[in-house]
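Hello,

Here is the structure I promised to pass on. Please open it and keep it beside you while you read my notes.

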Amino acid sequence: MALPAEQLDGIWDQLFREAQQVAADEPALANYITGCVTRHTDFGASVRCVLSAQLATSQVPADLINQAFAEASRSQPGILDAAMRDLQAHVDRDPATLGYLTAFLYFKGYHALQVYRFANWLWQQGRTALALYLQARASQVYDVDIHPAAKIGKGVMIDHATGVVIGETAVVEDDVSMLHGVTLGGTGKECGDRHPKIRRGVLIGAGAKILGNIEVGEGAKVGAGSLVLEPVAPHTTVAGVPAKVIGHPLAESPALDMDQDISR
C-alpha cells in the first residue's frame, strides 16, 4: 500500500531539515550534505544523486546513471514511493538509525535496494545490459548482490547488508526485514523458477541461507545462521542446520519488531 502524499512530503521535509542541521553542526561535511541533499528540490533528485555518485566510474559517469534513474522515476513513480517506505522501515526498525539522514546517506543495505529498484525497471524495459551492469557495480560497491529480475516489495529493510544475495526468481514481499549474510538462492540443481518466496512480515536473521523454490510463510521468523531447505509455514519460527520448527513468534509480523530471540 502506497504512503499518503502528505507522509511522503513529510519524509522529504524531515530529511532536508536533518541535512541542514548536520551541515551547520559539522562544517567538514557541509559540501557533501549540500551536494547530496540540500541543493535538491525533491526526494527523487536527491536519492538519484547519492546513488549515481556511488556507482559512477570513469567509463560510466554519474550523469549517465542519473539520467537512466530519472527516466525510471518518471515512468514508474512507485520506485520513489518504495524508496521512501524502505527509508521509513529503517527509521522504525533499526536502533542504530539516528534519523532519516543516517540511513539515507550511510546505510548500504538501503542504497543497494534502491539501485535494485532502478535496475528492475530497466530489466522490465528490456534494457538488460544496463540492468546487469548496475547489479554488478552495486555488488562491487556495497557487497550486496540482487538480481534485477527479482521481485521485491516495499518497506523492506536489509540491515548491515554485507554479503546479502538475492537470486533471479526470488520474491520478497512487503515489510520484510533481513540482516547481513542472508542468501535467497537456488540449490544449484534447478532451472527456471528456483529461488525462495518470502512472504510479508518475515524476519530473516544474520547469515541465514534459504535455498530453492520454497515459501517462507507470512510472519515467519528464521533464526540466524540457519539453512532452510523446506517450506516454512506462516507464523512459525525455524532455526538450525538444517532448519527445524522450534516455535511460533509472538508478533504477527516479526520483521516489524526485529526481536531476533528464537525462544519467543
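**Salt bridges**

Aspartate 193 is partly exposed, with 43% relative accessible area. Its side chain meets that of lysine 197 in a salt bridge, 2.7 Å from N to O. Lysine 197 counts as buried, because its relative accessibility is 10% and the cut-off for buried is under 20%.

Keep in mind that this is a predicted model. The count of salt bridges comes to 11.

Next, look at glutamate 168 and arginine 194. Their side chains form a salt bridge, with 2.9 Å between N and O. Glutamate 168 sits in the loop between strand E4 (165–166) and E5, and arginine 194 in the loop between strand E7 (183–185) and strand E8 (197–198), so the pair ties together parts 26 residues apart in sequence. Glutamate 168 is partly exposed at 26% relative accessibility. Arginine 194 is also partly exposed, at 22%.

Now find arginine 93. It forms a salt bridge with aspartate 175, and their closest N and O atoms are 3.7 Å apart. This pair links distant parts of the chain, 82 residues apart. Arginine 93 belongs to helix H5 (residues 78–93). Aspartate 175 lies in the loop between strand E5 (171–172) and strand E6 (177–179).

Are these two partners buried or exposed? Arginine 93 counts as buried, at 10% relative accessibility. Aspartate 175 counts as buried too, at 16%.

One last thing to trace.

Best wishes

Terms used. Residues numbered from 1 in each chain as written. Predicted model: local features only at pLDDT ≥ 70, side-chain atom pairs only at ≥ 80, totals over all residues. Heavy atoms only, no water. Salt bridge = Lys/Arg side-chain N within 4 Å of Asp/Glu carboxyl O. Helix = DSSP H or I, 4+ residues; strand = E, 2+ residues; numbered from the N terminus. Buried < 20%, exposed > 50% of the residue type's maximum accessible area, 1.4 Å probe, protein only.
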